[in-house]
Amino acid sequence: MTILASPNPKDAQHARFVWRDEQGCARTAGALAQALSLGLHQGGSAVIELRGTLGAGKTTFTRHLLRALGVEGRIKSPSYAVVESYELPGFTAQHFDFYRFNDPQEWEDAGFRDLFAAPGLKIVEWPEKAAGLLPAPDLYIDIDMSATSDTERTVQMAARGETGRAALTAMQASPSPAETGGSSHD
């Protein structure tokens with residue numbers, strides 16, 4: 001696995017969604033879970049980078065995604081632990097939060113290289129804090145808060161590689177994200 005910095009790709013497939021409320025977020029997460037599920041159950045991998053300011057909804061989206069994939073029980077934010085793992089039938093999902101990540105040596109000491117090399121789902125919040133250490137993601141998700149609404153979010157997704165492009169194509173074909181009350185696709 002090559003470790004690269006992960007700027008938002010210009011050559012990627014793009015989509016734009018508008019979440020009017022948390023239900024829109026949940027529907028998009030459900031569509032993504034459905035799009036990724038088969039590949040993950042067949043031993044595949046997917047890396048998703050989530051970007052956005054504090055309070056944008058990165059952890060909320062992750063909780064909805066993990067629920068849609070079948071995680072039961074409490075889904076904790078990994079803000080202090082850096083990573084939370086969830087064993088699902090057929091694969092492992094790992095939720096990383098690099099907000100407090102400051103030392104690249106911590107990457108090696110914690111065994112993150114091995115975690116990212118293993119099959120399964122890796123969801124990464126604050127990827128810019130670990131730039132240069134993370135593998136290139138399959139899917140970038142940028143969540144922007146509305147200046148006029150506490151609940152509305154504009155979501156830009158960019159997919160690279162076969163896994164990301166297939167997931168985004170499946171999501172765009174799904175009626176679920178379109179039901180958010182104003183989603184659009186680029």
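Is Met 171 buried or exposed in this structure? Met 171 is buried, with a relative accessible area of 0%; by buried I mean under 20% relative accessible area, by exposed over 50%, and by partly exposed anything in between, with a 1.4 Å probe and protein chains only.

Good morning, colleagues. Two remarks on the source come before the rest. The model is predicted, with local features requiring pLDDT of at least 70, side-chain atom pairs counted only at pLDDT 80 or more, and totals for chains, interfaces and linings using all residues. Residues are numbered from 1 along each chain as its sequence is written, and side-chain values use heavy atoms, with hydrogens and water left out.

Let me turn to the chain as a whole. The chain contains six helices and seven strands; helices (H or I, at least four residues) and strands (E, at least two) are DSSP runs, numbered from the N terminus. Read from the N terminus, the elements follow the order β-α-β-α-β-β-α-α-β-β-β-α-α. The chain has 186 residues, of which 46% count as buried. Its accessible surface comes to about 8,700 Å², and 50% of that belongs to carbon and sulfur atoms; these areas come from the Shrake-Rupley method with a 1.4 Å probe, and for residues only the protein chains shown count as cover. Of the contacts between residues at least 6 apart in sequence, 69% join residues at least 24 apart, where contact means heavy atoms within 4.5 Å.

Next, the sheet. Seven strands form an open sheet of mixed pairing, in the order β1-β7-β6-β2-β5-β4-β3; two strands pair if DSSP finds at least two bridges between them. β1 (13-19) and β3 (83-88) stand at the edges with a single partner strand each, so one side of each has no neighbour in the sheet. On average, neighbouring strands are turned by 15 degrees against each other, direction ignored; axes are lines fitted to C-alpha atoms, for helices over the stretch in contact, and angles run from 0 to 180 degrees between N-to-C directions.

How many bridges join β1 to β7? There are seven, and the two strands run antiparallel. Within that pairing, Phe 17 has Val 155 in β7 as its bridge partner. Five of the seven residues of β1 are buried, so this strand is largely enclosed by the rest of the structure. Strand β7 (residues 153-159) is also joined by seven bridges to strand β6 (residues 139-145), again antiparallel, and there Ile 141 has Met 157 in β7 as its bridge partner.

Helix α2 (residues 58-69) lies across β1, β2 (45-51), β3, β4, β5 (120-125) and β6, and runs at about 165 degrees to β5. Leaving aside residues up to four places away in sequence, Thr 59 touches Ser 77, His 95 and Glu 125.

Helix α5 lies across β1, β2 and β7, at about 45 degrees to β1. Met 171, with which I opened, is in this helix (residues 161-173). Met 171 and Ala 35 are 136 residues apart in sequence, yet 6.5 Å apart in space from C-alpha to C-alpha.

I come now to the aromatic residues. A search of the whole structure finds ten aromatic pairs. Why is the pair of Phe 96 and Phe 116 called stacked? The ring centres are 4.5 Å apart and the planes stand at 25 degrees, so the pair is stacked. Rings of Phe, Tyr and Trp (its six-membered ring) pair if their centres lie within 6.5 Å, with planes under 30 degrees apart counting as stacked, over 60 as edge-to-face and the rest as tilted. This pair links distant parts of the chain, with Phe 96 in strand β4 (residues 91-97) and Phe 116 in helix α4 (residues 112-117), 20 residues apart. Phe 96 is buried at 0% relative accessibility, and Phe 116 is buried at 4%.

Trp 107 and Phe 112 have ring centres 5.5 Å apart and planes at 65 degrees, so that pair is edge-to-face. Trp 107 and Phe 112 are both buried.

Finally, a point on the backbone. Trp 126, in the loop between β5 and β6, has a positive phi of about 60 degrees although it is not a glycine. Most residues other than glycine have a negative phi. At 13% relative accessibility, Trp 126 counts as buried.
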